[in-house]
Amino acid sequence: MKKLGLWILLLPLSVCAQTLEECQTAAEKNFPLIQQYDLISKTTSLTVSNIQKGWLPQVSAIAQATYQSDVPSWPEQMQSVYQQMGLDMKGLKRDQYKIGVDVNQVIYDGGVIQSQKELAQRQGAVQEAQTAVTLYQVRQRVNEMYFALLLLNEQILLNNDLQELLNANEKKLSSMFKRGTAAESDYFSVKAERLKVIQQATNMEAQKRTLQMMLSTFCGLEVKEPVKPAAMEVGTMGSRPELRLVDAQLSLADAQEKMLSASLKPKFSVFASGYYGYPGYNMFQDMMSRSWSLNGMIGARLTWNIGALYTHKNDKEKILLQRELAENSREVFLFNNRLEQLQQNEDINRYRQLMAADEEILSLRSSVRKAAESKLAHGIIDVNDLVKEINGENAARVQRTVHEIEMLKEIYDLKYATNN
């Protein structure tokens, strides 16, 4: 049932990818986080569009009904005078109503809208840079799985060679046993060793299939046989996404400082207001008629929020601290990265020195194994000595392969560290 589930999981995967670079590219595209680039871009675009609408007239509709405990009225003596003149001064009603529209148009905002747009764009750039940092780490995960798969692949090939060598000696001993020049136990000993090596191959094949499925799922491509990458010289430090994130954070701090400066400037706008209701602007007339009327006004307004000065110094200090934090994170990253590169370069040199001796060790082990085969044929040594030398030669081959793959992994880890 588990195999069926894994097969279904791999159904949507496309054609096989062989090289490390293909796997890294495919993994970045397949990683769900890649979708955040489009989401961040759309969100930033919508935010900037909303901010830009700040230049449009701001319209608000109102409907209001009130009842007042008291209203302006004429003194009783004046009411008597007006009554003698034939004027009925009823005064204002305590219940009042208003339905209207207010329109405000910004003429000069001190650069607030432009600063808000830049701030939104820089915030989007920081989010994209943070996403890039996480996506870049995908390469390291691919490296781990790819080189583990490559090492298993090489060990399986060496295991097959060992099986062939043991099988050849097994046939020789079978022939010698039939001629009476070797004991049956010698034949069984080599055969048992060959079966043990087959068991090792079975385990390695299972591990290989697991790694293939994990890497294929991670990349969204079916990875069958990995291609051994070439050893290469790694150049100097390139542009790591972590450094671009620091640059984006510093750029965001600049935008925040511009926004802070804009908030200190005065704002100028024009407005219009109109309503239908009671009372109107002609209060004297409304005291007499108590009827609803249309009313309106236009004007200009200059505002200056000096309250922003209260926190300006602290806000500016906070932005300065944000810059220092960003620069400190750059220094920490570069420091750790330099240490990482030093370690990787030392490991690469160490593996090269080990590989230089691996060839000689393998050549000597092969000579000793061939001599042991000859000695066994002449009855000078027993089969256990031969098996020991065969295993010794195989261990030398495995060690050479391990050193080579580990050196390649260190080279490509250094390439990851420098991003070149």
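Me: What do the buried residues of helix 2 pack against?
Reply: They pack against helix 5, helix 6, strand 4 (221-222) and helix 10. This is a predicted model, where local features need pLDDT of at least 70, side-chain atom pairs count only at pLDDT 80 or more, and totals for chains, interfaces and linings use all residues. Residues are numbered from 1 along each chain as its sequence is written, and side-chain values use heavy atoms, with hydrogens and water left out.

Me: Which residues of helix 2 are buried?
Reply: Leu20, Cys23, Gln24, Ala26, Ala27 and Glu28. Buried means under 20% relative accessible area, exposed over 50%, and partly exposed in between, with a 1.4 Å probe and protein chains only. Helices (H or I, at least four residues) and strands (E, at least two) are DSSP runs, numbered from the N terminus.

Me: How many residues are in the largest nonpolar core?
Reply: The largest nonpolar core has 33 residues, and Val142, Phe147, Leu215 and Phe218 have the most contacts inside it. Such a core is a set of buried Ala, Val, Leu, Ile, Met, Phe, Trp, Tyr and Cys residues joined through side-chain atoms within 4.5 Å.

Me: Which helices each supply at least two residues of this core?
Reply: Helix 2 (20-30), helix 5 (112-179), helix 6 (184-219), helix 9 and helix 10 (383-418). Helix 5 gives the largest share, eleven residues.

Me: And what is Phe147 in contact with, leaving aside neighbours within four places in sequence?
Reply: Leu20, Pro229, Ile405, Leu408, Lys409 and Tyr412. Contact means heavy atoms within 4.5 Å. There is also a second, separate core of 15 residues, with Leu166, Leu173, Ala372 and Val387 among them.

Me: Asn394 next. Is Asn394 buried or exposed?
Reply: Buried, at a relative accessible area of 16%. Asn394 is found in helix 10. Not counting residues up to four places away in sequence, Asn394 touches Leu158 and Leu162.

Me: Helix pairs now. At roughly what angle do the axes of helix 7 and helix 9 cross?
Reply: Roughly 170°, and the axes of helix 7 (residues 241-262) and helix 9 (residues 308-377) come within 9 Å. That makes helix 7 roughly antiparallel to helix 9. The contact involves a list of residues from each helix, including Leu243, Val246 and Leu250 of helix 7 and Ile319, Ala326 and Phe333 of helix 9.

Me: What are the rules behind the angles?
Reply: Axes are lines fitted to C-alpha atoms, for helices over the stretch in contact, and angles run from 0 to 180 degrees between N-to-C directions. Under 35 degrees counts as roughly parallel, over 145 as roughly antiparallel, 65 to 115 as roughly perpendicular and the rest as oblique.

Me: Within what distance do the axes of helix 5 and helix 9 come?
Reply: Within 11 Å, crossing at roughly 10°. Helix 5 and helix 9 are therefore roughly parallel to each other.

Me: Which residues in helix 5 meet helix 9?
Reply: Leu165, Asn169, Lys172, Leu173 and Met176. Their counterparts in helix 9 are Arg369, Glu373, Leu376 and Ala377.

Me: How many bridges join strand 3 to strand 5?
Reply: Eleven, and strand 3 and strand 5 (residues 267-278) run antiparallel. Asn104 has Phe271 in strand 5 as its bridge partner, and Asp102 has Ser273. Strand 5 and strand 6 are likewise antiparallel, joined by eleven bridges, with Gly274 partnered by Gly296 in strand 6. Strand 2 and strand 3 (residues 95-108) pair over ten bridges in the antiparallel sense, and Tyr67 stands opposite Asp95 in strand 3.

Me: How many of the ten residues of strand 2 are buried?
Reply: Zero of the ten in strand 2 (residues 58-67), so strand 2 lies largely in the open.

Me: Last one. Which peptide bond is cis?
Reply: The one from Tyr278 to Pro279, with omega near -5°. Pro279 sits in the loop between strand 5 and helix 8 (283-289).

Notes: Two strands pair if DSSP finds at least two bridges between them.
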